[in-house]
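Try each task before you read its solution.

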Amino acid sequence: MPTTLPPCTGLGLPREAYVSEKVFDAELKRFFYTTWLYAGHESQVREPGQFIRFALGDADVIIIRGRDGVLRGLHNTCRHRGAQLLGDSSGTCRRAIVCSYHAWSYDFDGKLKGAPKMGSDFDPTVHRLRQAEVEVWNGVVFVHVGGGNPAPVAEQLAGVQFANTDIARSKIAKVVDFELTTNWKASWENALECYHCAVNHPELGRIFDVDADGEDGQGFPGGPEYIFIENTLRPGSVSVTPSGQIESKRPYKCDPEAGIERGFLQWHRSAFEMIASPDHVALMTYKPLSPSKSIVTQTFLVPEEAQPGAEFDPDELFDMHIVTRQQDNALCEQIYAGLRNIAYSPGPFNGSLEQENFRFLSTYRSVMGDIIAD
Ligand code: FES
Ligand SMILES: [Fe+2]
C-alpha cells in the first residue's frame with residue numbers, strides 16, 4: 001500500500017448514505033452490531049454486582065461483574081415477557097438483577113434464580129439471560145452485541161502498544177456527551193483529517209503541528225482498519241493540554257521503551273478514537289441516533305491514584321480536547337446541513353491530507369457497498 005495516495009484519489013459517499021433510514025438501519029445491523037464497541041472502563045466494574053450499560057439502536061446490554069470475578073455482557077431483556085431489566089446507565093446490583101414486572105430474578109452471571117409462582121415443573125435453567133461478548137483491552141471495555149465469533153480486540157489491534165502501560169490502572173475523571181444534528185459518519189470523517197485544523201482550531205494549533213498531519217510519510221502503521229501513530233505535537237509540547245505541558249501532578253508512569261508514549265489510535269471499524277498523553281487519556285466515540293442525529297462522547301482517564309482538585313483540575317486538564325471538540329461539533333453540523341442539500345454530490349479527497357478518510361470509506365464500502373449506490 002502506498003504511504004501517500006495520489007491527489008484527488010477517491011470520492012466521498014453519496015447523499016443517500018447520510019440521510020436514508022434504510023441505510024441507517026443497515027448500518028446498525030451490519031456495521032455496529034457486528035463489531036467491538038466501546039462500553040466503558042474496567043474501573044467502573046471492579047466489584048461483583050457493579051454494572052455499566054451499553055445501548056445503541058435496539059441493542060441494550062448490561063455489562064456486569066460476576067461473583068466469580070468474570071465480566072459478562074447480558075442482554076437487557078427479561079426472559080419472561082421481555083421487559084428491560086435495568087434502566088440506569090451504571091450502578092451496583094445488591095443480590096440479583098430483578099425484573100420489576102413480575103419479579104423474576106437473575107444472578108450476576110445471567111442464571112435465572114427466582115421465578116415466583118411458576119410451579120414445580122418450571123425449569124429455570126433453560127431461561128438464563130442471553131449473553132453478549134465482552135473483552136477488556138488495556139482496561140478499556142468493549143462489547144460485541146451481535147453474537148458470532150469475533151476476532152478478539154487484542155488480535156484486531158495487534159500493532160497497538162501504548163507506553164502508558166498504566167492505562168489499565170486508570171479511572172474515569174470526566175465524561176462529556178454532545179448530541180449533534182449530523183450523521184455519525186460526518187463526525188467520524190471530520191475526526192480523520194486535520195486539513196480543517198489550521199482554519200478552525202487556533203488553540204490546538206499552538207501545541208499541535210496541524211500541518212504535519214498526513215504529510216510526513218507516516219503512512220498507515222497498523223492494521224487495515226486502524227491507524228496508530230505518535231501524536232505530532234509541536235517541539236516543546238508534550239501533552240494535549242491548554243499549555244501543551246503536563247498539567248497534572250500525578251502523570252502516568254511512562255516507559256518510552258515500551259512503545260509510543262503519545263499514542264493516537266483511530267479504529268475505523270468501531271468508530272473509536274484514543275489519544276494518550278503523559279497525564280491523561282482521551283477516548284472518543286461516535287454513535288448514531290438517527291440519520292440526522294449522532295452523539296459524540298469524550299471520556300477522560302487519569303491514573304487511578306490521581307486526586308481531582310489536589311493533583312489535577314478536572315475543569316482544566318481536558319480543556320484542549322473539549323474546546324477543539326466544540327469547534328468540531330460546529331463543523332459537523334455545518335457539513336451535515338450541506339450534505340443533505342439536494343444538490344450535493346461528493347468531491348475528490350486531498351490525496352495526502354485526507355488519506356485516512358479514504359481508508360475509512362474503503363472499510364465502510366466493504367460492509368455496506370451493495371446498499372450504497374455510488
Ligand atoms: S417480564 Fe420480567 S418478570 Fe415478567
Ligand atoms: Fe477538528
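Two strands count as paired if DSSP finds at least two bridges between them. Keep in mind that this is a predicted model.

**Exercise 1.** Find the strands that pair with β4, and say in which sense they pair.

*Solution.* Begin with β9 (residues 131-137): β4 and β9 are joined by two bridges in the antiparallel sense, and Gly73 stands opposite Ala132 in β9. Next take β3 (residues 59-65), which pairs with β4 over five bridges, also antiparallel. Here Ile63 stands opposite Gly73. Finally, look at the connection: β3 and β4 form a hairpin with five residues between them, and Gly69 in the turn has a positive phi of about 85 degrees.

**Exercise 2.** Is strand β4 (residues 71-75) enclosed or open?

*Solution.* Check one side, where Leu71, Gly73 and His75 are buried, then the other, where Arg72 and Leu74 are buried too. Five of the five residues are buried, so β4 is largely enclosed by the rest of the structure.

**Exercise 3.** Work out which residues coordinate the iron ion (ligand 2), and classify the arrangement.

*Solution.* In sequence, the donor residues follow the spacing H-x4-H-x126-D. For the geometry, a tetrahedral site needs all angles between 85 and 135 degrees. The four donor atoms subtend 54 to 148 degrees, so the arrangement is irregular.

Note on methods:
Residues numbered from 1 in each chain as written. Chains lettered and ligands numbered in written order. Predicted model: local features only at pLDDT ≥ 70, side-chain atom pairs only at ≥ 80, totals over all residues. Heavy atoms only, no water. Donors = N, O, S within 2.8 Å, 3.2 Å for Na, K, Ca; no water. Tetrahedral: all angles 85-135°; square planar, octahedral: opposite > 155°, others 65-115°. Buried < 20%, exposed > 50% of the residue type's maximum accessible area, 1.4 Å probe, protein only. Helix = DSSP H or I, 4+ residues; strand = E, 2+ residues; numbered from the N terminus.
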